[in-house]
Amino acid sequence: MPYVALPAELTGSYDERTRLLGWRVVVLTAAILLFGAGGPALRNAGDDPVRGYLLMGIASGVVIGVGMLVAARTADDAAQRTAVSPATAVTASTWRDQYMSGFRTLGRSQSFRALLGTFVLQALATGTMLAGAQYVATWVLRSEDAVTFVFVALVGPALLATPGWTVIARRVGKERAFAMASLLFTAAAASLVFAVWSPGAWIYASVAVAGIAYAGLQSLPMAMLPDVISHDERTSGPGQAGTFTGIWTAGETVGFALGATAVSLTLAATGYISTVAGTTVEQPEAAITGIVLSFSILPAVLMGASLLTLRRYRLRRADIDAVADSDA
């Protein structure tokens, strides 16, 4: 929560926030690429798959811990250097006060409701695609190692595309750039449905297009959230950043969790046969179809639905620049 709230404190500039969060996504996608491609390599490092997963978990925990330590030791100094107003006293509050503050925040900020609804639906969409990647690699592309190439195809383009989305957002506005990225992801995901009839290496190309869109889906809403927070502080008073980001983080967590659940339910409904290490089974055709649908049509429909909530987002560049100018 503090990590997500920091961009609102680090800068008050509309475009600077986009650039700041763009670099965040570059680092994020590099980490996803590292673990998406390196995780299976660690898993297969030995003969025992159980020990392989244990090694992968330990390595992940160590790297995550280092990242948290670096952020915790540097973020506070950066926020203090850019502070434009004296710190306000923090008043102790009960857990009930915190929950009621969250409900009040949702009630008064229409822009936050629209952005949160969009982000949760998109977390659900991307969660289904990420959860289905291993199944597609194993049963559609017929290679467990193909999951590495799927992750590379999805995440790799984001490293190159993120600066491009920053430029687009500067020219047309974050909300329009966000809509463009959502439409591109929807089209790319929907095209993957043809793998039901003709699976092959072309899947990587569609996934790569989705990866280009994924860069915008990660950076742009995160750059819009500080705009919502600063605008609310201007109209309703300071001290609500933690409430906003707490709700945001909860929504993101629920979205990704339900994404994996949606994939599981789809596979169960289409007759998928669960496996354990060391056993070999043959999946029915209906299960293969379910895998493809959970990787294509399901995320495409969810992403399309998110565009309906995004239309209700009202903040524009002029609203944020007006707040920044008055603070200056």
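This report walks through the fold, a helix pair, the salt bridges and a few individual residues of a predicted model.

## Overall fold

Let's start with the big picture. The protein chain has 12 helices and zero strands, so its pattern along the sequence is simply one α after another, α-α-α-α-α-α-α-α-α-α-α-α, with helices defined as DSSP runs. Of its 328 residues, 42% count as buried.

Among contacts with a separation of 6 or more, 79% join residues 24 or more positions apart. The accessible surface comes to about 16400 Å², and carbon and sulfur atoms account for 66% of that area.

## Helices α5 and α10

Two packed helices are described by the angle between their axes and the distance between the axes. Helix α5 (residues 110-140) packs with helix α10 (residues 285-295) at an angle of about 145°, and their axes are 8 Å apart. The crossing of α5 past α10 is left-handed. On the α5 side, the contact is made by Thr-128, Met-129, Gly-132, Ala-133, Tyr-135, Val-136, Trp-139 and Val-140. On the α10 side, Ile-288, Ile-291, Val-292, Ser-294 and Phe-295 take part.

## Salt bridges

The structure holds seven salt bridges. One of them joins Arg-19 to Glu-16, with the closest N and O atoms 2.2 Å apart. Because these two residues are three apart in helix α2, about one helical turn separates them. Arg-19 is partly exposed, with a relative accessible area of 34%, and Glu-16 is also partly exposed, at 31%.

Other pairs reach across the sequence. Glu-282 and Arg-142 meet through their side chains in a salt bridge (3.5 Å, N to O). Glu-282 sits in the loop between α9 (241-269) and α10, and Arg-142 in the loop between α5 and α6, so this pair ties together parts that are 140 residues apart in sequence. Glu-282 is exposed, with a relative accessible area of 54%.

Arg-316 and Glu-175 also form a salt bridge (3.5 Å, N to O). Arg-316 is in the loop between α11 (297-310) and α12 (317-327), while Glu-175 is in helix α7 (residues 174-191), so the pair ties together parts that are 141 residues apart in sequence. Arg-316 counts as partly exposed at 35% relative accessibility, whereas Glu-175 is buried at 12%.

## A closer look at Arg-142

Most residues other than glycine have a negative phi. Arg-142 has a phi near 60°, a positive value in a residue other than glycine. At 48% relative accessibility, Arg-142 counts as partly exposed.

## Inside and on the surface

Thr-18 lies in helix α2 (residues 14-43) and counts as buried because its relative accessibility is 4%. Leaving aside neighbours within four places in sequence, Thr-18 is in contact with Thr-166, Ala-169, Lys-174, Leu-220 and Ala-223. Val-152 belongs to helix α6 and is partly exposed, with a relative accessible area of 35%. The C-alpha atoms of Val-152 and Ala-30 are separated by 9.9 Å, although the two residues are 122 residues apart along the chain.

On the surface, a nonpolar patch is formed by Leu-54, Ile-58, Val-62, Val-63, Val-66 and Val-70, with about 540 Å² of accessible area together. Leu-54 is found in helix α3 (residues 49-81) and counts as exposed at 54% relative accessibility.

Conventions. Residues are numbered from 1 along each chain as its sequence is written. This is a predicted model: local features need pLDDT of at least 70, side-chain atom pairs count only at pLDDT 80 or more; totals for chains, interfaces and linings use all residues. Side-chain values use heavy atoms; hydrogens and water are left out. Patches are made of residues with over 30% relative accessible area and no salt bridge: like charges are joined within 9 Å, nonpolar side chains (Val, Leu, Ile, Met, Phe, Trp, Tyr) within 5 Å. Accessible areas come from the Shrake-Rupley method with a 1.4 Å probe; for residues, only the protein chains shown count as cover. A salt bridge is a side-chain nitrogen of Lys or Arg within 4 Å of a carboxyl oxygen of Asp or Glu. Helices (H or I, at least four residues) and strands (E, at least two) are DSSP runs, numbered from the N terminus. Buried means under 20% relative accessible area, exposed over 50%, partly exposed in between (1.4 Å probe, protein chains only). Axes are lines fitted to C-alpha atoms, for helices over the stretch in contact, and angles run from 0 to 180 degrees between N-to-C directions. A crossing is left-handed if the near helix is turned anticlockwise from the far one by less than a right angle, and right-handed if clockwise. Contact means heavy atoms within 4.5 Å.
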